[in-house]
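This report describes the pockets of the structure shown below, with attention to their volume, their lining and the elements that contribute to them.

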Amino acid sequence: MKVRLLDLFRRKVPILEWLPKYNSSTGVADVLAGITVGLTLIPQAIAYASLAGLNPKYGLYSSIFGGVMYIFLGTTKQLSVGPTSIMALLCLTYTHDTNLDMVALLTCLTGLVQLICGLLNLGFVVEFVSLPVVSGFTSATAIIMASSQLKYFLGIKFKPKNFIDMYVQLYRNIGYTNFTDLTLGVACIVLLLGFKVCGDRNEMVVLVLEPETSG
């Protein structure tokens, strides 16, 4: 019985398996990976906190504790753990016009549900969600995210109550557009699209040269 409990504990806490095999080369690789992910995660966490209607510092807190817990409970080393846009939008939906206590309660309940699902090995439930449902959910999230950023893109300050009210408030306050923010936003979009075009061209050049090289 004790052996079974010990095996179960090791399966649920994977750090007990890989920590004894940890070496310096793996540590250096982890440091480089941590720096790379951190440089991406910090601005991402700040943006998602704003998307959830919270102070940016709470985005940093959520990004830190998720990664720390995954050190002990994570089973996939390639996975990057942190706040996501969907989490931020759902948090905004259920905690709008409330205090931080409700946000903390929602976080604890979400973590509790995930913990129970993990202990009961309920990951297979995802297989019953069809691809059209996932595609529709992802597309709707993208639309909501893009819409929620329009007020920042135009430099307009207001707090919408829901998705429809967002466009109503945007229409009412369009005259208060900050052209400095608008210019900066357009410049960033053009820059990002330029990088994408350059990347696509480089891929096409590689694809063209590969057959000639192999021949």
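## Largest pocket: volume and centre

In this predicted model, the largest pocket has a volume of about 2,000 Å³. Its lining comprises 44 residues. Those that lie nearest the centre of the largest pocket are Gly66, Met87, Thr110, Gly111 and Gln114.

## Largest pocket: contributing helices and composition

Several helices take part in the lining of the largest pocket: helix 1 (2-12), helix 3 (24-51), helix 4 (56-73), helix 5 (85-95) and helix 6 (100-119) each contribute at least two residues. Helix 6 gives the most, supplying 11 residues.

Sorted by class, the lining of the largest pocket holds 28 nonpolar residues, 14 polar residues and 2 charged residues.

## Second largest pocket: contributing helices and composition

At least two lining residues of the second largest pocket come from helix 3, and at least two from helix 4. Helix 3 gives the most to this lining, with 7 residues.

The lining of the second largest pocket is made up of 12 nonpolar, 10 polar and 2 charged residues.

## Helices at both pockets

Helix 3 and helix 4 each supply at least two residues to the lining of the largest pocket, and each also supplies at least two to that of the second largest pocket.

How values were computed. Residues numbered from 1 in each chain as written. Predicted model: local features only at pLDDT ≥ 70, side-chain atom pairs only at ≥ 80, totals over all residues. Heavy atoms only, no water. 1 Å grid on protein atoms, 1.4 Å probe; cavity = no way out; pocket = protein on both sides within 12 Å on 5 of 7 lines; lining within 4 Å. Points joined across faces, edges and corners; volume = space filled by probe spheres on them. Helix = DSSP H or I, 4+ residues; strand = E, 2+ residues; numbered from the N terminus. Nonpolar A, V, L, I, M, F, W, Y, C, P; charged D, E, K, R; others polar.
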